[in-house]
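Visitor: Could you take me on a close look at one part of this model, the place where the ligand is held? I would enjoy a connected walk through it.

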Amino acid sequence: MSASDRQGITEPPGAAGMTRPGDQRRWDFVHAPFAQRVVFAPGALARLPEEVDQAGYRHVLVLATPEQRALGEQVLALLGSRAAGLHAEARMHVPVAVAEAGAARAQALGADATLAVGGGSTTGLAKAIALRTGLPIIAVPTTYAGSEMTSIWGLTEEGAKRTGRDARVLPKLVVYDPELTSSLPPRIAAASGLNAMAHAVEALYAPDTNPIISLVSEEGVRALASALPRILTAPEDAEARAEALYGAWLCGACLGQTTMGLHHKLCHSLGGGFDLPHAETHAVILPHATAYNAAAAPEAMRRLARALGADNAAHGLWELAGRLGAPRSLAEVGLAEGDLDRAVALATTSPYANPAPVTPEAIRRLITAALRGDPPAA
Ligand code: NAD
């Protein structure tokens with residue numbers, strides 16, 4: 001395991017060696033929030049020119065995926081003379097070649113900042129460019145992934161994903177416009193929303209959680225659990241879209257501030273090792289990882305159940321995923337029975353902070369249940 005992996009999604013700086021579950025650390029905490037400007041409003045996209053001026057950027061490179069090129073062009077037109085150009089080449093999991101091409105384009109155009117409009121993949125490209133060039137990032141999220149609230153970067157090379165934390169990749173300005181999420185199909189919104197909830201679930205029992213993070217986590221889960229079913233039945237419901245994005249913001253902030261555990265480790269190793277889709281893999285694993293940790297993190301489960309309006313946190317998440325039509329088996333997202341041995345090995349090769357002890361036998365049971373689409377363990 002490389003140093004950058006050790007400082008990745010599961011570990012913020014300074015977290016190494018912490019193994020005590022959150023429940024036992026209630027009155028022993030550090031809170032060190034990030035300095036970011038966050039603007040949240042329906043229609044906030046229109047405020048970008050004044051926000052860019054206020055931040056002092058003059059030559060901004062707009063980043064998007066090929067699928068969201070039209071939105072990138074809209075932002076380019078909005079920024080007018082403040083824009084250096086559009087680079088609509090972002091790809092899932094940030095392949096190194098894509099990062100290098102993005103950094104070269106930013107330098108060739110003399111950009112003084114990047115503006116990522118899109119989901120976690122686009123923000124991920126901005127972060128990879130920042131790692132190479134130091135260029136500050138403006139993020140305009142259009143999914144619930146939450147990358148805009150973290151200093152976590154990820155890069156993929158030869159099928160392996162490396163992650164790390166670096167202050168240079170934390171976006172300086174985040175502009176949330178719920179109207180931009182109205183084009184997210186409800187089923188994708190559901191998986192993305194469950195991906196966001198997973199950050200808050202693990203923050204509740206993280207070894208470095210604190211009272212503010214616990215409050216933010218619970219509210220993030222509550223907001224998403226309330227909004228996502230409404231989006232499914234009425235995709236045009238602006239209030240539900242706003243509440244879901246608000247929840248995603250809170251959950252992203254939890255991811256940025258705490259050490260993630262078993263759930264993120266499993267999704268990271270399954271996503272990277274078998275090229276499974278990011279948000280959908282989170283949606284499948286979340287009820288199972290929650291059940292795995294239930295007995296070891298009772299206070300986190302109590303808060304989570306309350307936020308979900310359920311008697312049992314893991315089953316509440318399972319039922320929510322079902323109601324939202326999100327995938328509930330790894331088979332549905334591309335894992336095969338023959339992958340089990342390697343999946344267990346990948347998930348258990350290196351130790352990480354988690355409330356319940358991680359053993360290969362228990363992880364095999366968890367992945368088998370998730371593969372087949374069984375309900376989470378009682
Ligand atoms: P994504 O960014 O890959 O987006 C998926 C697809 O949906 C893309 O084609 C995108 O263009 C499109 N899309 C995005 N928003 C849309 C909208 N509003 N309407 C229509 N289409 C839209 O998916 P994601 O789940 O947001 O991000 C996943 C990536 O982000 C993964 O690589 C993951 O590792 C990373 N991530 C990183 C962090 C971090 O803190 N570094 C946190 C979360 C996720």
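**Around the ligand**

Guide: Helix 5 (residues 120–133) gives the largest share of the shell around the ligand, with 3 residues. Please keep in mind as we go that this is a predicted model. The shell as a whole counts 22 residues, and those that come nearest to the ligand are Thr 65, Ser 121, Thr 143, Thr 150 and Lys 161.

Thr 143, one of the nearest residues, has an N or O atom in its side chain at 2.6 Å from an oxygen atom of the ligand. For Gln 68, a side-chain N or O atom lies 2.9 Å from a ligand oxygen. Glu 67 also takes part: an N or O atom of its side chain is 3.4 Å from an oxygen atom of the ligand. As for cover, the ligand taken alone would expose 860 Å², and the protein buries 85% of that. The site itself is the largest pocket, and the ligand sits in it.

You will find Arg 328 in the loop between helix 12 (313–324) and helix 13 (330–333). With a relative accessible area of 27%, Arg 328 is partly exposed. Its side chain reaches the backbone oxygen of Trp 318 at 2.9 Å. Leaving aside residues up to four places away in sequence, Arg 328 touches Val 284, Trp 318, Glu 319, Ala 321, Gly 322, Ala 370 and Gly 373. Pro 375 is 47 residues from Arg 328 along the chain, with 8.6 Å between their C-alpha atoms.

Methods:
Residues are numbered from 1 along each chain as its sequence is written. This is a predicted model: local features need pLDDT of at least 70, side-chain atom pairs count only at pLDDT 80 or more; totals for chains, interfaces and linings use all residues. Side-chain values use heavy atoms; hydrogens and water are left out. Helices (H or I, at least four residues) and strands (E, at least two) are DSSP runs, numbered from the N terminus. Buried means under 20% relative accessible area, exposed over 50%, partly exposed in between (1.4 Å probe, protein chains only). Contact means heavy atoms within 4.5 Å. A polar contact is a pair of N or O atoms within 3.5 Å; within protein, one must be able to donate a hydrogen and the other to accept it, and residues adjacent in sequence count only if both atoms are side-chain atoms. A residue is near a molecule or strand if one of its heavy atoms lies within 4 Å of it. Accessible areas come from the Shrake-Rupley method with a 1.4 Å probe; for residues, only the protein chains shown count as cover. On a 1 Å grid over the protein atoms alone, a cavity is a set of points where a 1.4 Å probe fits but cannot get out, and a pocket is an open set with protein on both sides within 12 Å along at least five of seven lines; lining residues have an atom within 4 Å of a point. A molecule sits in a cavity or pocket if more than half of its atoms lie within 2 Å of its grid points.
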